[in-house]
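The sequence and structure are shown first.

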2 protein chains.
Amino acid sequence: MKIWCVEDDESIRDIEVYTLNSTDFEATGFSDAAAFHDALATDKPDLIILDIMLPGEDGVELLKFLKDSPDTCRIPVIMATAKGMEYDKIQSLDLGADDYLVKPFGMMEMVSRVKAVLRRCNPTEVEHLLKAGGLVVNLDEHTVTVDRERIQLTLKEFELLRLFLSHPGIAFTRDQLFNDVWGADYISETRTVDMHIRTLRVKLGDYGKMIETVRGVGYRLEVQA
Amino acid sequence: MKIWCVEDDESIRDIEVYTLNSTDFEATGFSDAAAFHDALATDKPDLIILDIMLPGEDGVELLKFLKDSPDTCRIPVIMATAKGMEYDKIQSLDLGADDYLVKPFGMMEMVSRVKAVLRRCNPTEVEHLLKAGGLVVNLDEHTVTVDRERIQLTLKEFELLRLFLSHPGIAFTRDQLFNDVWGADYISETRTVDMHIRTLRVKLGDYGKMIETVRGVGYRLEVQA
DNA sequence: AACTTTTGTCAAATATTTGTAAAATTTGCA
DNA sequence: TGCAAATTTTACAAATATTTGACAAAAGTT
């Protein structure tokens with residue numbers, strides 16, 4: 001896990017990087033926004049610890065920049081602030097910072113928060129899995145297993161199942177299903193969606209029953225059996 | 001959004017509840033773990049603010065309890081701690097608390113953190129629920145529960161109930177009902193609407209009595225205080 | 001009380017929606 | 001290009017929901 005620390009105070013920066021490196025992270029320090037921007041052009045970290053007070057470009061500016069770009073807006077950011085800055089603290093939280101540290105903070109606390117934020121923001125980073133009972137969809141491998149048994153799904157079937165599993169319990173209209181999976185407007189009066197639901201149900205065996213039909217509406221994945 | 005505050009200090013608890021309620025949340029305060037457990041038996045909040053130091057059962061215990069049960073482990077928890085408790089603070093973070101507040105904390109900060117955690121934990125949309133007593137209509141799931149028991153409604157019944165629940169106490173003429181649910185003018189002298197009202201009443205069991213007939217006009221959902 | 005109007009109830013008739021199978025078409029790939 | 005798999009379409013069967021009209025029951029009127 002790559003962590004970048006943007007902090008102008010060299011001694012703080014060094015101890016942050018040192019601590020993180022000795023805790024199985026790959027930490028890199030940056031003394032100002034410019035150096036940080038340079039690095040960002042060629043690489044992306046998994047988390048950023050950002051001092052709110054920086055020479056040149058302000059930390060809040062930088063946060064805004066990160067959250068505005070679709071490339072970087074998903075990278076979690078922990079803001080480091082000086083004491084007695086409640087207003088700025090709130091401002092940065094509302095700008096999309098994921099947590100913050102009030103200086104002076106202990107290294108134990110920093111590591112805890114880094115871990116907590118990573119856990120929170122990348123719950124699937126470990127493995128991109130969607131589960132429901134004995135049903136497991138592995139998004140990385142693009143595979144599906146039913147009770148540890150690998151089954152073969154076609155693309156549409158896979159995408160349908162993914163959609164259902166990432167919104168368990170939610171009822172989708174055929175329209176929505178078509179929009180999400182096919183990416184087009186559902187106009188035709190054909191049984192296309194129903195057809196794929198059917199093949200999916202068959203391939204899922206007993207778990208096929210989890211896909212309930214909501215008469216007059218569409219389909220829903222019923223969780224909890 | 002329901003928020004439950006578990007805090008033994010009455011003045012702190014009151015101001016928390018007051019602030020949250022005046023910020024469009026539905027906050028409820030609990031002075032100890034026992035009262036909280038009682039409430040949890042019949043309802044579930046969307047977020048919990050939990051004091052780490054409680055009389056009787058400890059806040060950390062309570063957090064552990066919440067995170068151990070599949071029913072409650074997804075409810076985000078913000079821990080409130082006294083100053084100078086770094087060790088416990090870290091412990092609670094690692095137990096799965098989603099954030100924490102160090103006393104004394106400002107109400108502005110509390111609201112900011114509550115919002116931030118809710119944003120983080122409910123990235124999708126808020127659940128769209130319509131409620132009246134033990135009657136719950138979940139628009140996303142397209143489901144209806146009566147005293148936590150799922151019941152099966154047909155489309156027309158569902159739409160009728162939705163219409164009533166979103167305008168509690170309002171009397172609708174058959175004309176209006178037909179317009180809203182069927183999307184057409186009600187001309188015929190048939191018993192169509194009455195028929196659906198009947199089946200709905202039957203399926204709702206005791207709650208069926210909530211649908212009152214307004215003689216000469218139509219129907220109304222009577223809500224109890 | 002007798003009458004009128006409105007609402008409740010029921011089962012049959014009708015209409016709609018979904019499941020299924022097979023055929024037609026498209027797509028990806030060797 | 002030609003084949004095989006995937007996808008879409010068509011047609012029909014099955015399941016389910018909705019409507020209807022006749023009549024009973026209840027509520028209001030005179």
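A residue is classed as buried if 20 or more other C-beta atoms lie within 10 Å of its own. C5(B) has 27 C-beta neighbours inside 10 Å and is therefore counted as buried. The model discussed here is a predicted one.

**Surroundings of C5**

C5(B) belongs to strand β1 of chain B, which spans residues 2-6. When neighbours within four places in sequence are set aside, the contacts of C5(B) are R13(B), E16(B), V17(B), A27(B), G29(B), F30(B) and I49(B). A further pair involves D32(B): 27 residues separate it from C5(B) in sequence, and the C-alpha to C-alpha distance is 9.8 Å. In chain A, with the same exclusion of neighbours within four places, C5(A) is in contact with R13(A), E16(A), V17(A), A27(A), G29(A), F30(A) and I49(A).

In soluble globular proteins, nonpolar side chains tend to be buried together. The largest nonpolar core holds 31 residues, and those touching the most other members are I3(A), C5(A), V6(A), L50(A), V77(A), I78(A) and M79(A). The table lists elements of chain A that each supply at least two residues of this core.

| Element of chain A | Residues |
|---|---|
| β1 | 2-6 |
| α1 | 10-21 |
| β2 | 26-30 |
| α2 | 33-42 |
| β3 | 47-51 |
| α3 | 59-68 |
| β4 | 77-81 |
| α5 | 107-121 |

A second, separate core comprises 30 residues, among them A27(B), L47(B), L50(B) and M79(B).

**Architecture of chain A**

Chain A contains 8 helices and 12 strands. Of its 225 residues, 31% are buried. Among contacts in chain A with a separation of 6 or more, 52% link residues 24 or more positions apart.

Five strands of chain A form an open sheet in the order β2-β1-β3-β4-β5, with parallel pairing. β2 and β5 (99-102) of chain A stand at the edges with a single partner strand each, so one side of each has no neighbour in the sheet. From one strand to the next, the twist averages 20 degrees. The parallel strands β1(A) and β2(A) are joined by 5 bridges, and V6(A) stands opposite F30(A) in β2(A). Helix α1(A) packs on the sheet and touches β1, β2 and β3 of chain A. The direction of α1(A) makes about 170 degrees with that of β2(A).

**Surface near DNA strand C**

Around DNA strand C there are 17 residues, of which R191(A), T213(A), R191(B), R198(B) and T213(B) come nearest. Two or more residues are given to this surface by α8 (192-204) of chain A and by α8 (192-204) of chain B. The residues of this surface comprise 5 nonpolar, 4 polar and 8 charged.

Methods:
Residues are numbered from 1 along each chain as its sequence is written. Chains are lettered from A and ligands numbered from 1 in the order in which they are written. This is a predicted model: local features need pLDDT of at least 70, side-chain atom pairs count only at pLDDT 80 or more; totals for chains, interfaces and linings use all residues. A nonpolar core is a set of buried Ala, Val, Leu, Ile, Met, Phe, Trp, Tyr and Cys residues joined through C-beta atoms within 7 Å. A residue is buried if 20 or more other C-beta atoms lie within 10 Å of its own, exposed if 12 or fewer, and partly exposed in between; C-beta atoms are placed from the backbone. Helices (H or I, at least four residues) and strands (E, at least two) are DSSP runs, numbered from the N terminus. Two residues are in contact if their C-beta atoms, placed from the backbone, lie within 7 Å. A residue is near a molecule or strand if its C-beta atom, placed from the backbone, lies within 6 Å of it. Ala, Val, Leu, Ile, Met, Phe, Trp, Tyr, Cys and Pro count as nonpolar, Asp, Glu, Lys and Arg as charged, and the others, Gly among them, as polar. Two strands pair if DSSP finds at least two bridges between them. Axes are lines fitted to C-alpha atoms, for helices over the stretch in contact, and angles run from 0 to 180 degrees between N-to-C directions.
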